[in-house]
Amino acid sequence: MRRVAILFVMMALVVCNSTSGKNTIYPVVVDGKIGYINNRGKMVIEPQFGRVQRFSEGYAAVEIDWKWGYINDKGKIVIEPQFDHSTLFSEGRADVRVRDKWGFIDTTGNIVIEPQYSAVRPFAESLASVRTQENWGCITRNGEMVIPAV
């Protein structure tokens, strides 16, 4: 069964990479743990995680002992697991949840926008949508509210 799953993933990689030509790393499940393989099907980060996100901007969010942190493309932990949830990096920011509030970190793990929102969306074109109470607005990468939540 393991060979069938790995073969399926490798076939999908060939299809996905036939036009991109990028050296990308993909999550793969082996014996109930998640690791990462490259576009040639070679295991580059051994399966060791229960939950992960895909790589974005050189980092992947991974869950270790119920907390989320980030690894680099070598599998080294570069942002210690400390968040209740984490997502992909976009424009040098990743949204993270601490208790029941969302904020943003930079690629060094520093909180750059304090967790204060009930929901957020990733940055796109230098803006992120944020929800305060029941209303949505938009903030800049520095946290300035430029489209008020009304």
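## The β4-β5-β6 sheet

In this predicted model, three strands make up an open sheet in the order β4-β5-β6, with antiparallel pairing. Strands here are DSSP runs (E, at least two residues), numbered from the N terminus, and two strands pair if DSSP finds at least two bridges between them. β4 and β6 (77–83) are the edge strands, each pairing on one side only. Neighbouring strands of the sheet are turned by 25° against each other on average, direction ignored; the axes are lines fitted to C-alpha atoms, and angles run from 0 to 180 degrees between N-to-C directions.

A60 has I71 of β5 as its bridge partner. The hairpin of β4 and β5 has 2 residues between the strands, and D65 takes a positive phi near 50° there.

## Aromatic pairs

The structure holds 4 aromatic pairs (Phe, Tyr or Trp rings, the six-membered one for Trp, with centres within 6.5 Å; planes under 30 degrees apart are stacked, over 60 edge-to-face, the rest tilted). Y36 and F55 are edge-to-face, because their ring centres are 4.9 Å apart and their planes stand at 75°. Y36 belongs to strand β2 (residues 33–38) and F55 to the loop between β3 (43–49) and β4, so this pair ties together parts that are 19 residues apart in sequence. Y36 is buried at a relative accessible area of 0%, and F55 is buried at 14%.

F104 and F123 also form an edge-to-face pair, at 4.9 Å centre to centre and 65° between the planes. F104 lies in strand β9 (residues 101–105) and F123 in the loop between β11 (119–120) and β12 (127–132), so the pair ties together parts 19 residues apart in sequence. Both F104 and F123 are buried. Ring pairs also link Y59, Y70 and F89 into a cluster.

## A nonpolar surface patch

L127, V146 and I147 make a nonpolar surface patch of about 210 Å². I147 lies in strand β14 (residues 145–147) and is partly exposed, with a relative accessible area of 43%.

## Basis of the values

Residues are numbered from 1 along each chain as its sequence is written, and side-chain values use heavy atoms, without hydrogens and water. Local features need pLDDT of at least 70 and side-chain atom pairs count only at pLDDT 80 or more, while totals for chains, interfaces and linings use all residues.

Notes: Helix = DSSP H or I, 4+ residues; strand = E, 2+ residues; numbered from the N terminus. Patch = residues over 30% accessible without salt bridge, like charges linked within 9 Å, V, L, I, M, F, W, Y side chains within 5 Å. Areas by Shrake-Rupley, 256 points an atom, 1.4 Å probe, with all protein chains shown as cover. Salt bridge = Lys/Arg side-chain N within 4 Å of Asp/Glu carboxyl O. Buried < 20%, exposed > 50% of the residue type's maximum accessible area, 1.4 Å probe, protein only.
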